[in-house]
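Here are my notes on the model, as numbered points. Please read them with the structure open.

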2 protein chains.
Amino acid sequence: MAVTIKDVALAAGVSIKTVSNVINDYQYIRADTKQRVMEAIASLGYSPNLSARSLRSGKTGVIGLAVPELSLSYFAELADSIIKAAEERGLKVLIEQTGGDRARELEILASPRLQMTDGLLFSPLGVSNEDAHHLNVNFPLVLLGERIFGGPTDHVTMSNVESARAATAHLISKGRKRIAVVGGHEGEVIGSAGLRLRGYQEALEEAGIPFDHRLVAYTTLWHRSNGATSMREMLESGVEFDAMFGLNDTLALGAMRVLQEAGLRIPDDVAVIGFDDLDEGRYSLPTLSTIDPGRGEIAETAVRVLQERISGHDGPPRELEARFQVVERESSRLPTS
Amino acid sequence: MAVTIKDVALAAGVSIKTVSNVINDYQYIRADTKQRVMEAIASLGYSPNLSARSLRSGKTGVIGLAVPELSLSYFAELADSIIKAAEERGLKVLIEQTGGDRARELEILASPRLQMTDGLLFSPLGVSNEDAHHLNVNFPLVLLGERIFGGPTDHVTMSNVESARAATAHLISKGRKRIAVVGGHEGEVIGSAGLRLRGYQEALEEAGIPFDHRLVAYTTLWHRSNGATSMREMLESGVEFDAMFGLNDTLALGAMRVLQEAGLRIPDDVAVIGFDDLDEGRYSLPTLSTIDPGRGEIAETAVRVLQERISGHDGPPRELEARFQVVERESSRLPTS
DNA sequence: CCGGCGTCCTACAACGTTATAGACTAATTG
DNA sequence: CAATTAGTCTATAACGTTGTAGGACGCCGG
């Protein structure tokens with residue numbers, strides 16, 4: 001690793017700048033000089049020192065991605081898409097896990113630890129709209145998710161309200177009127193839970209179905225266990241329902257398991273739809289209807305927009321929404337009524 | 001971001017080296033000088049430029065992790081554990097996806113692209129034991145997984161053979177003798193599939209049960225769909241079995257779904273065990289018995305060993321095996337016979 | 001009263017790269 | 001034919017940090 005541009009220059013009998021020029025495809029180089037330099041590079045096994053390069057150029061070619069946890073399937077699949085999108089643009093991705101903890105999230109925004117990167121894709125869970133001013137940072141930052149709207153940065157998000165409305169409408173179109181919801185966050189207005197719940201309510205309203213608060217189960221986290229526990233409680237409460245909307249797939253799968261344990265048939269007794277289009281839902285029994293929130297589009301847009309900011313693009317913050325789709329699978333496959 | 005150590009030095013009325021000394025906790029600094037420098041740092045909002053630091057010191061504080069795909073739950077959970085382990089040691093993780101493609105894996109080993117890192121944790125899928133010489137690289141490298149054994153680098157792995165033997169023995173202890181296997185790789189000897197299949201065979205032998213090749217389903221990939229397809233074919237083939245060992249949880253879940261569709265009861269008609277201890281198996285219906293391969297231990301060991309190599313530790317390559325555990329859940333909960 | 005040592009600090013070089021400015025040739029222009 | 005221009009290359013100065021070498025001061029023991 002001790003071979004530097006200097007050694008190459010010496011071997012090829014040129015100046016170091018000429019070697020640098022060859023590496024960076026500078027146009028005015030004679031073919032034979034280029035050839036000689038290339039050979040020297042190859043024979044010495046030279047490769048540029050990226051630290052030096054980034055010191056000089058101020059760019060690292062690395063972007064940061066801060067997510068709650070990779071063990072949550074949604075974020076794992078998001079990270080997958082983002083790494084792929086970044087790769088297409090010649091960027092590497094450094095991943096940071098926040099655990100969804102507000103303090104830790106703020107620390108990441110404030111701290112210079114991730115200086116090894118040119119910018120950050122930030123998917124918060126703990127911070128809320130009141131923390132929006134913390135997003136005023138002096139590095140390129142693109143916000144993901146639905147915790148903060150109208151902040152000072154570019155924001156890529158899914159159409160939460162609309163797509164949740166579509167999910168609910170889908171169940172209604174199957175003739176269901178008592179639609180349970182699993183995964184609400186008490187008092188939340190902004191955030192995935194709040195927005196999706198709003199979509200749910202809007203769909204009910206459109207259909208003239210009264211909202212029944214007993215049909216909404218609140219959870220703190222969105223793990224499988226929370227879906228299971230909520231559904232268990234709801235069954236015990238004795239409230240009647242003929243459909244369920246899981247605010248994400250993981251919750252829906254956890255809840256579905258409890259429904260089945262209780263001997264209820266899906267979709268006949270309870271039609272179910274989730275949200276996220278996780279791979280898992282494709283092979284559960286029954287397969288899970290869901291909302292495809294456009295993860296690929298989100299990833300590509302986010303990386304593109306971040307790269308624009310990194311290369312100096314100025315302008316007001318943009319709000320970008322990905323297109324969604326209702327995916328009907330077995331858990332809600334019923335004749336339309 | 002334009003504030004450098006120089007500005008701080010100027011503001012505090014000291015030399016730049018003194019500022020550097022303060023930052024690096026050099027012992028011989030008067031308390032009041034330190035104080036003054038700290039104040040200057042705070043008031044200017046200075047933070048060290050990591051590119052410059054790593055140019056000077058030769059260390060980046062970042063390690064690379066190359067895995068097939070984060071959308072495979074096992075690798076997502078592995079990455080999660082590794083990021084946490086790295087964080088405890090003050091390291092950041094840059095993730096690279098290989099897609100399990102041999103050419104791409106070799107490219108990552110050869111290419112200098114990940115020079116932004118001090119070392120690499122490499123979990124291959126495409127390369128095989130014959131490619132072991134490609135692991136002779138001039139940067140710290142720790143191998144994960146079971147594709148290559150006896151290579152020139154440190155290697156952290158799970159006890160594949162032993163734990164697969166234990167999984168099989170577990171089914172046998174429940175009185176099952178016709179144990180199907182899903183996920184074999186035709187002709188493979190080394191690699192997760194090959195080793196686990198060996199463990200399976202060893203357990204049969206120990207119990208005096210003859211090996212029946214019709215009970216082994218081969219797949220290329222280890223996705224849910226492969227498990228489903230294999231099981232469908234096995235059912236169609238008419239071969240009889242009373243238990244199934246999925247060479248990983250994902251396969252087991254896919255296969256379990258098909259068993260249930262076919263009206264078979266788990267564990268009564270077919271007892272099932274998987275491998276990996278994914279979160280999903282905790283909430284499937286029924287919950288999935290599995291092998292906990294010691295992911296946390298693998299992650300911690302791998303990061304520790306890599307860090308040792310980075311800081312110059314010399315010595316022969318080490319083979320390190322994590323401890324495993326059989327996790328009994330509903331899919332195999334039967335009276336022991 | 002002097003040499004030596006511990007403490008605190010500074011000046012400057014170095015890490016490996018790219019940017020700037022300019023030197024030199026050969027070709028083209030007015 | 002002088003003056004420009006295009007093409008090719010080089011010397012040197014940055015980028016922001018840490019390492020090396022050493023200077024200045026005060027205190028101690030002899």
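This is a predicted model: local features need pLDDT of at least 70, side-chain atom pairs count only at pLDDT 80 or more; totals for chains, interfaces and linings use all residues.

1. Start with B:Lys84. This residue is partly exposed, at 40% relative accessibility. Its side chain meets that of B:Asp80 in a salt bridge, 2.8 Å from N to O. B:Asp80 counts as buried, at 4% relative accessibility.

2. Are the two partners buried or exposed? B:Glu77 is buried, with a relative accessible area of 11%. B:Arg295 is buried too, at 11% relative accessibility. Each value falls under the 20% cut-off, which is why both residues count as buried.

3. A:Glu206 and A:Arg165 form a salt bridge, with their closest N and O atoms 3.9 Å apart. The limit for a salt bridge is 4 Å, so the pair qualifies. A:Glu206 lies in helix α8 (residues 192–207) of chain A, and A:Arg165 in helix α7 (residues 160–173) of chain A. The partners are 41 residues apart, and the pair links distant parts of the chain. A:Glu206 is exposed, at a relative accessible area of 62%. A:Arg165 is partly exposed, at 25%.

4. How many salt bridges does the structure hold over all chains? The total is 56. Some share partners. A:Asp154, A:Arg304, A:Glu308, A:Arg309 and A:Arg318 are joined into one network in this way.

5. Look next at A:Thr157. This residue lies in strand β5 (residues 154–158) of chain A. A:Thr157 counts as buried, with 2% relative accessibility. Leaving out residues up to four places away in sequence, A:Thr157 touches A:Gly145, A:Glu146 and A:Phe149, and also A:Ile298, A:Leu320, A:Glu321 and A:Ala322.

6. Now the DNA. Around DNA strand D there are 24 residues. The closest come from both chains: A:Thr18, A:Tyr28 and A:Thr33, with B:Ile5 and B:Tyr46. By class, the residues of this surface are 10 nonpolar, 8 polar and 6 charged.

7. Which parts of DNA strand D come within 4 Å of the protein? Sugar or phosphate accounts for 62% of those atoms, and bases supply the rest. On the phosphate side, a polar backbone atom of A:Ser15 is 2.8 Å from a phosphate oxygen of DNA strand D. On the base side, an N or O atom in the side chain of A:Arg56 is 2.6 Å from a base nitrogen. B:Lys17 also places a side-chain N or O atom 2.6 Å from a base nitrogen of DNA strand D.

8. Which elements give two or more residues to the surface near DNA strand D? In chain A they are α2 (16–23) and α4 (50–57). In chain B they are α2 (16–23) and α4 (50–57). The largest share comes from α4(B), with 4 residues.

Terms used. Residues are numbered from 1 along each chain as its sequence is written. Chains are lettered from A and ligands numbered from 1 in the order in which they are written. Side-chain values use heavy atoms; hydrogens and water are left out. A residue is near a molecule or strand if one of its heavy atoms lies within 4 Å of it. A polar contact is a pair of N or O atoms within 3.5 Å; within protein, one must be able to donate a hydrogen and the other to accept it, and residues adjacent in sequence count only if both atoms are side-chain atoms. Ala, Val, Leu, Ile, Met, Phe, Trp, Tyr, Cys and Pro count as nonpolar, Asp, Glu, Lys and Arg as charged, and the others, Gly among them, as polar. Buried means under 20% relative accessible area, exposed over 50%, partly exposed in between (1.4 Å probe, protein chains only). Contact means heavy atoms within 4.5 Å.
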